[in-house]
Amino acid sequence: MIPELLEPKLNLLSEEYILIQAWKKTVSYIRSHNWYADTMELDRAAVNLHEFLKDLADSLASPTDWGNTALRIVPAPKSQRWHVDPKTGWVPTKETRPEKKIRPLAHVALEDQVAATAVMLCLADRVETLQGDPRTSIENKDNRKQVLSYGNRLFCDSHANELRHRWGSTKLYRGYFQDYRTFLARPEKVAEEFDENIVIVHSDLSQFYDRVRPELLFDKIEALKQPKDDTQFYIKARHILHWEWDKRDKREVTEYAKQSGIDDFSEVALPQGLVASGFFANIVLHDFDRALQASIESEEHFIPSAILLDACRYVDDIRLVLKVERRQKLSEIENQVFSQLKILLDQNANGLIPSHGKTIATYFRGDERPLVRQSRKMERIQQAMSGGFDALAGEEIIESIQGLARSQNRYSKERTGDKGWAFAPIADVRDETVARFAAARFRSTFRSLRPLLDARHESTKQDEDEGEIDFLLRDERKTQAELDDDARAFALGLIEKWVEDPSNVRLLRIGVDLWPAKDVIQQILEILKPYTTKGGKRKAPRRIAWYCLAELFRAGATETGFVADNESLPDAINIEEYRQVLLDEAKRLAEQNQQALPWYLKQQILLFLAANNPQEAPVLRSGSNPETRHYRDLIRYLRGEISDLQDRDYAILAILARRSFPASNEPVQLAIKNISPNRYKHIAERDPSFAIELNSVDPSISQTLPARIRHDLCLTQQCPLEEMESLAKLVLGCETENRGQLSNELTMLQFSEKFINKLQSTVPMEIISPSDVLVSFSKAGKCGIMINSVELQQNKLSVSSFLYRPPTWCESKDRWRFQLGYLLRFILTTKQDFTRAVRPTHWKEGKASYRVPESHWYQRIYGHHNGHSVFGADWLPITDWMEQFLYALLRWPGSRASNMFQSIENGISETSLLVNKRIRDLQKIKGQLSDVLMLPLSSGWPEKPSKDRSLRVCVVQSVIPTPKDIKDATDLSLLEPSLRKRHRNHLSAALEAVKRMLDLRETHKKGDGRLDFLIFPELSIHPDDVDTHLVPFARAFKTIIFAGLTYEDLFPGQPLINSALWLIPVWSERRGLQVIRRRQGKEYLAPDEKRMNYPDLKVRGFRPCQWLVGYKWDKDDKKDPLWLTGSICFDATDIRLAADLRSLSDVYAVAAMNKDVSTFDQMALALQYHMFQMVIIANNGCFGGSNAYAPYREPYRRKVFHLHGQPQASMAFLEIENIDEFLRRDKHALEPSINTSCMADPTKTCLSVPQRVWKCPPAGICLGDTCLHKL
């Protein structure tokens, strides 16, 4: 029985389903957050995951049989002052003691990392519940009493006053910026509740992680034990969370401990580099937190003459709010607080000490040391970036970031801390936090803004009447050249910060990424060179330089200068020259004696060489050093030199070459070169997709595979029954015209129904692959094919573990779930490896870079994302119902059961009934006249609702591309650079105008700044601008968008498609805010499009389904949604479609590029009545005439808006305020209006009857009291 909740039990630590989740969380965190990572260790384990976890499980099964691998130290710089001396070069300043400014990062073996994370998962719910919910509002005083700790909190849900970590998901810790923002805001919020004499104190724990001894951690973990707990678990945890340093690093460790004043650093409990350290740190400090909680508003003073009003902590960063009885010197308060914190730590976390130098007090809103709220500026910048921006707004963001950086420099502790000036302002955010924030936001804003700008100003002359000042102050937008100048100055400023303080190595990485110039990297390498030459500088400064150099090479392999759009790089930059300089330095260093450089630097050098030019790497043999041997093997493999490897190692390197180094020497040919049957088997077991690639080059090699693998990869020939075809051939077979026609929801449900029926009436099969399934089908009009029957072919193949075998933890009665789920994913992906997401080719493909390899198929079994996006095609006609159905079928341990699909949990019989009902529902709403598959899509809420909402709509009547742009284009995809720039700028300006108009509308029509539905005309949005412009806007404003896309090559080698895109923001507890997308096709070409098809076919119709988007408006979710639907221009003239939709939709949006405005006016006016719903037309601004009509009784209300005049870009807003009334319009229309004649005659009795709002419905809408309206 698999537990829903984890507990401290030894047997859980060795369970496959626990270890795989611990692996996912660990590796994801290391790759994205750790200051140091052994990339090859991660990658090799990822490729060989099944063996890695099996060996780990065996080691964890015994309570005492465990030994951690010794830690290797990676010395990283703490904040310190350096400078470039004309004589001695780049060195620490005289007052700096670099040996005291080392951060001892630790390389923790991957097995130990995963084991520690597994221990954490078993304790997670208990520990998180004890700390309280960090999501609760700090406005509430009672909430604040329950929560002190905000840092390193696990991602949890709340259940009956308990917090439960989502142990079955990849996400581990909560978002840094979110909780840190709450932590910063809390002291101010508390201080605002009091009048005067309020002091806010910042403090810090000195060398916190390094001072936690194993005994202290064990004592705190033991204190969590409950009577029913498994004692063996705690014994095992004690062994796992106890490290010693590698003997090779003993001298370095001893020196660090001596310089840091740490008595014993030979044993470590919380290595800086252990993923779980943050979690266990909170366990260590929990008693300290409780002591602070007990002191809040206590009758006893926290310090003399002051009571503690509030306290909160972010890891080792502490904030206290005090109310003093009288004004005191801040230095006195600081000393007293330091002493009291030390007492509390001695009592509750012995061995830990506060930092006296970082204990700083300030009077809230006082003149002395006023607090500067930099955090508020950071929030405003983040908000401005979140919704996308046009050129002008982008410039403002850049200036705001520059201003933030300048102001932080002004308030920096380095500048004000020792000046003795009582009124020196104190920033509420640390210098390094602001610097990293500003650097990252400048880079992302720069790369989004640059393509929007012109290269240079056109030459302008000064008017005769224009003064010199007026000429200089002309309001002209920045050019790319001017923005490049800003970027260069900002980047060099970041690099200068690193020169002055080597701990700013992240700023160095962003600086060279922003401005990867040859002369810049030459100068950086020049000041580092004395630390890598024989007889050069030594001791602590050399270790600092080594770490910085390692980061430069790591960045060079993974990030520096890599952009999807080359226009995002400055014109003056030649990235190849930059890389060549770095390559030359890498070769110089690689040629040095192996003992001259530390292992961690050599790793990053070799990674860079492998990614950029393995042919020139001076690597002749693998070597014996365990830290670098795998890097050397990889380089030799990429050069085609290794043929004597063991088959398993050969397969691992071949897969890494294909997945992580796509620019290497043709990885497919490289693998084929020395392939053998056993090597091919190892590849197929680890990466089935790569095995298929190899088979396409040499089909004969697949004949050497074991029969089970060959069968699961659909590489065997089956003998189908008469009038039946194997599922494998139907989905994959290129020779059949039916390929892909299974991939719609109705057909897949029919397949599921027949498959389930067959399973219930046949001998159970442990493994069912597509080659075992035979299908009988017939044509079904526009809806693809209809499944008539399904047969299963028994085989005598082995049941060894491979793709289609249900997981080992799955009980035999539940195998059917995975058998059906695997086959449905196979149908949707149309790939032999159904676990793999279908993605477009990554823009890094073919570039000299390193990429993180894809997850192992074995890992994906324990975390299938079944969202529409993973199946590749945004037009794929499946709804959220099918997504949830797949999720419920393939639910893995640690993931939640769906209330909507409880039938699956109840067994195969109830699931059969569920599928049958869904088939009936879809057939009921299928277009009877248009023969179109109608698919309802529940949009959900974009955020947690607190009240009912209206529908606020904006129609953007954009102009570019104009009909002339399309007519004159040599490429209907509109990729010509100058047109792309005009088009992109037009869209950016339109979206910015929508934001400004929303601000204007808020002044007279309150709506909380919301925009619920945004509509663009036909052919108005280029596909390349969807992710960069529309998606950020949809996320920021929680807006549903329906936008016409320019012609697109959806199917290579076939005519282009005219379509529109739905973008729908949806919030879920499982995944947060997501923007789902669905493509609405256009079936009927307009006359102008038909003329474009002569003499060659350029455009074709394509409409796999008609989407119905359910807009939820009732906060209690008890009432019907408002159903939105849309068509592209000429499709709206199909009266059959209108007739089918009139009983299904409430708002009909038409994206148009139509010059016959009067005809579409009449069409909208007619459709709003005959469909009896709101009809909205968004037309291209070259023609104007965008409009909206609804079947209101009064003519002046019926025409909701109409945009006159052309050519002009414009926009209009409308609102459906009372959606409940709107949904009952067919009923309300039949109610009599008020009898106004009786009101004029006081002798007559008046009935209290509401005034009629709606026109009388057309025939067929309502039959008696029964409405046809609604799904």
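A residue counts as buried under 20% relative accessible area, as exposed over 50%, and as partly exposed in between (1.4 Å probe, protein chains only). By that rule His301, at 36%, is partly exposed. Welcome to a predicted model, where local features need pLDDT of at least 70, side-chain atom pairs count only at pLDDT 80 or more, and totals for chains, interfaces and linings use all residues. Residues are numbered from 1 along each chain as its sequence is written, and side-chain values use heavy atoms, leaving out hydrogens and water.

**Around His301**
- You can find His301 in the loop between helix H13 (286-295) and strand S10 (306-314); helices (H or I, at least four residues) and strands (E, at least two) are DSSP runs, numbered from the N terminus.
- Leaving aside neighbours within four places in sequence, His301 is in contact (heavy atoms within 4.5 Å) with Ala306, Ile307 and Glu325.
- The C-alpha atoms of His301 and Val324 are separated by 9.6 Å, although these residues lie 23 residues apart along the chain.

**A pair of helices**
- Helix H16 (residues 391-411) and helix H18 (residues 431-449) have axes that come within 10 Å and cross at roughly 160 degrees; axes are lines fitted to C-alpha atoms, for helices over the stretch in contact, and angles run from 0 to 180 degrees between N-to-C directions.
- H16 and H18 are therefore roughly antiparallel to each other, a label for angles over 145 degrees.
- Residues making this contact include Ile397, Ile401 and Leu404 of H16, and Phe437, Phe442 and Phe446 of H18.

**A sheet and its helix**
- Strands of a sheet pair through backbone hydrogen bonds, either parallel or antiparallel.
- Here, an open sheet of 3 strands runs in the order S15-S16-S17 with antiparallel pairing, where pairing requires that DSSP finds at least two bridges between two strands.
- Its edge strands, each pairing on one side only, are S15 (725-726) and S17 (785-792).
- Helix H33 (residues 745-760) packs on the sheet and touches S16 and S17, its direction making about 25 degrees with that of S17.
- S15 and S16 (residues 773-779) pair over 2 bridges, and Glu725 stands opposite Val775 in S16.

**A mostly covered helix**
- In helix H36 (residues 880-889), 8 of the 10 residues are buried, among them Trp881, Phe885 and Tyr887.
- The buried residues of H36 pack against H33, helix H34 (815-829), helix H37 (902-906), helix H38 (908-925) and strand S23 (1072-1081).

Definitions and conventions
Angles under 35 degrees count as roughly parallel, over 145 as roughly antiparallel, 65 to 115 as roughly perpendicular and the rest as oblique.
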